[in-house]
Amino acid sequence: MPSKYHPINLDPDKCIGCTNCIKRCPTEAIRVSNEKASIMQEKCINCGTCISVCPYNAFHGVTKGYRGVSEYAIKIALVDPIVYSQFATEVAPEAILSAIKSSGCAEVFEVSKGADVVTKFTKKYLNLQKKTPIISSSCPAIIRLIQLRFPELIHHILPIDSPVEIAAFMAREEAMRKYGLKAEEIGVYYSTPCPARTASFMNPLGTDSTNISMSLPIHKVFGLVSKMLKGTPAKAQQRVHPSSSGIDWSRVGGQAAALGIDEYMPVDGIENVISVLEEIEYGKMRHLKFLECQACVNGCVGGSLNVENPYIAQSRIRIISNRYKDKPVETSNIKAEKFLFTRPIHPLHATKLDQDLSKALLKLEQVEETLKELPDIDCGACGAPSCRAFAEDIVQGRATIDDCVVLTRKSHLKK
Ligand code: SF4
Ligand code: SF4
């Protein structure tokens, strides 16, 4: 069932129906009809590719509040190291944190602390596992991809909350102690690199609820912080103790490298991830202990709601994380087991033709028959990404064969 919330909106005034997006969507979730694109939510993995590839900026990530914003006694900004990578390396994380804090937050808290908790847990978990490889659970777009296309790999997913959720919990606990407030009086605000994370707060994966009160795209925070940085006095800067490896999680390979093992593989970019998961589905790569999959090119630094080029951002993260290599780290005694999944991750059936196997087989036959009638050139003029997807749309009642521009033209020429 489609959720009533979806983390991506389309501005119909900007969309001209160019069909650029339909071919780039990795799950064939977009259709164009009457010169306007629309997303089939049940097929969407919230990867944000459509946001990145639309030449008219018609898609955008939503800002989402999960409770009334004015209800909170204090506000905490949960800062992902990705934010640091959006600025030149001369701008110290301390200055960025300070600017964010002076925008009206009582506290700032770094997501890298949550990453350290996951790393610690993963090291222990990998030693106990026979089913390999274990697939990282930090990218919600990948979890959804597995639910939709690789359900037999669900049991390979690392069963722990993301660093963002863990850091949000830690931040709130710390503030409760410091200010004597109740959990519900504290708002935790997160600036997200991607719609996938917004979606994971709306519909939590593996747990019942989110620790995030509001999420907004990083590009919005970037504009605000850029202005504030100009006026931030040096003495107002926050002292931070981030771990170098926690910062490094923002780029692909960072979380795997933190584990200190050889048998791992980082994969970035949704198409690459799909081809690797296909290999694993066929029983290959079982020698690997850990597979770090990131939907975005170069990892989260390549998220569609960031402002910086993913390659520039990636190199900045490397530089920033190296700066903290020999610095003392603020460690937490929090038990990672507190954040294990409490709900199973279920397969999603949106890519199946029917829940009922016999009906699905019948529909598959109809798809094959319909496909024979189509020109099989995947032109996209019908608004579907391929002739096969169009044939499925016809069989599922979402389109009619008259929507095929090529066939219609041919029949006109014959007359
Ligand atoms: S977010 Fe990704 S899966 Fe969803 S419609 Fe856009 S490109 Fe397709
Ligand atoms: S790689 Fe990171 S930024 Fe990209 S979709 Fe996954 S969690 Fe979001």
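Reader: Which domains does the domain assignment give for the protein chain?

Author: Glad you started there. This is a predicted model, in which local features need pLDDT of at least 70, side-chain atom pairs count only at pLDDT 80 or more, and totals for chains, interfaces and linings use all residues. Residues are numbered from 1 along each chain as its sequence is written, chains are lettered from A and ligands numbered from 1 in the order in which they are written, and side-chain values use heavy atoms, leaving out hydrogens and water. With bounds taken from an automatic or database domain assignment, the chain has domain 1 (1-60), domain 2 (64-339) and domain 3 (352-415).

Reader: How much area do domain 1 and domain 2 bury between them?

Author: The centres of these two domains, taken over C-alpha atoms, are 25 Å apart. Their contact (heavy atoms within 4.5 Å) takes 18 residues from domain 1 and 18 residues from domain 2. Buried area is the accessible area (1.4 Å probe) that two parts lose on being put together, summed over both. Carbon and sulfur atoms carry 66% of the buried area, which is about 1,300 Å².

Reader: Which residues surround ligand 2?

Author: The shell holds eight nonpolar residues, two polar and one charged; here Ala, Val, Leu, Ile, Met, Phe, Trp, Tyr, Cys and Pro count as nonpolar, Asp, Glu, Lys and Arg as charged, and the others, Gly among them, as polar. A residue is near a molecule if one of its heavy atoms lies within 4 Å of it. The residues around ligand 2 are C139, P140, P193, C194, A196, R197, Q294, A295, C296, C300 and G303.

Reader: And which residues come nearest to ligand 1?

Author: The shell around ligand 1 has nine nonpolar residues, four polar and no charged. Of its 13 residues, the nearest are C25, C44, C47, G48 and C50.

Reader: Which residue forms a salt bridge with K124?

Author: Side chains of opposite charge can pair when their charged atoms come close. A salt bridge is a side-chain nitrogen of Lys or Arg within 4 Å of a carboxyl oxygen of Asp or Glu, and the whole structure has 13 of them. For K124, the closest N and O atoms are 3.1 Å apart, and the partner is E337.

Reader: Where does the cis peptide bond with omega near -5° lie?

Author: Helices (H or I, at least four residues) and strands (E, at least two) are DSSP runs, numbered from the N terminus. P133 is in the loop between α5 and β8 (134-135). The cis bond runs from T132 to P133.
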